[in-house]
Amino acid sequence: MAKKNLCNKCIGLCCRYFALPIETPTERDDYDDIRWYLCHKNVTVFVEDGDWYLNINNKCKKLSEKDHRCDIYDKRPKICRGYTVDDCDSVEGEYDYELHFTSDKQMEEYIKVKFSNNITEKKKNKKKKKKRKE
Ligand code: SF4
Ligand code: SF4
């Protein structure tokens, strides 16, 4: 199907979320902040081309549920005007995220694995301290 015809058959998927860039996490606490984002309803976090994004799955109030068209089309914000079907991967499912977190549990596991060396290190240190006390 030609891409330009996709919108006619679409329920306005691009108007049902927005994504904001967030700082790239480096420290354990940064990842824990992201875990907190993920504790909230309708929030996911994804990484694309190395950049991290907070994704909020929340429908725009201006999207009509009757015909899935914009109620303020002539006055729609600049960001909507700049988005064309050429930018759209929503319909064809071409998303190519490096990472996509959909729950706080996933992030918890990710943190465990990512920082597992530190955990081992801390355990070792604890043992050393214990030995000194004896
Ligand atoms: S740009 Fe993509 S997601 Fe938006 S209405 Fe068109 S086909 Fe649907
Ligand atoms: S203002 Fe219109 S075009 Fe922009 S997100 Fe809302 S419904 Fe979509």
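Two strands pair if DSSP finds at least two bridges between them. I keep that rule at the head of this entry for the sheet below. The model is predicted.

Entry, overall make-up. I looked up the secondary structure of the protein chain and found four helices and four strands. Along the sequence I read the pattern β-α-β-β-α-β-α-α.

I followed the pairing and got an open sheet of four strands in the order 1-3-2-4, with antiparallel pairing. At the edges I noted strand 1 (18-22) and strand 4 (99-101), each of which pairs on one side only. On average, neighbouring strands of this sheet are turned by 25° against each other, direction ignored.

Entry, strands 1 and 3. I checked how strand 1 meets strand 3, residues 51-56: the two pair in the antiparallel sense over five bridges. For Leu20 I looked up the bridge partner in strand 3, and that is Leu54.

Entry, helix 1. I asked which strands helix 1 (residues 28-38) lies across. They are strand 2 (43-48), strand 3 and strand 4, and the helix runs at about 135° to strand 2.

Entry, burial and contacts. Of the 134 residues in the protein chain, I have 4% as buried. I then took the contacts between residues at least 6 apart in sequence; 70% of these join residues at least 24 apart.

Entry, ligand 2. I listed the residues around ligand 2: Cys15, Cys60, Lys62, Leu63, Cys70, Ile72, Arg76, Pro77 and Cys80. Sorted by class, this shell has seven nonpolar residues, two charged residues and no polar ones.

Key: Residues numbered from 1 in each chain as written. Chains lettered and ligands numbered in written order. Predicted model: local features only at pLDDT ≥ 70, side-chain atom pairs only at ≥ 80, totals over all residues. Near = placed C-beta within 6 Å. Nonpolar A, V, L, I, M, F, W, Y, C, P; charged D, E, K, R; others polar. Buried ≥ 20, exposed ≤ 12 C-beta atoms within 10 Å, placed from the backbone. Contact = placed C-beta atoms within 7 Å. Axes fitted to C-alpha atoms, helices over the stretch in contact; angles between N-to-C directions.
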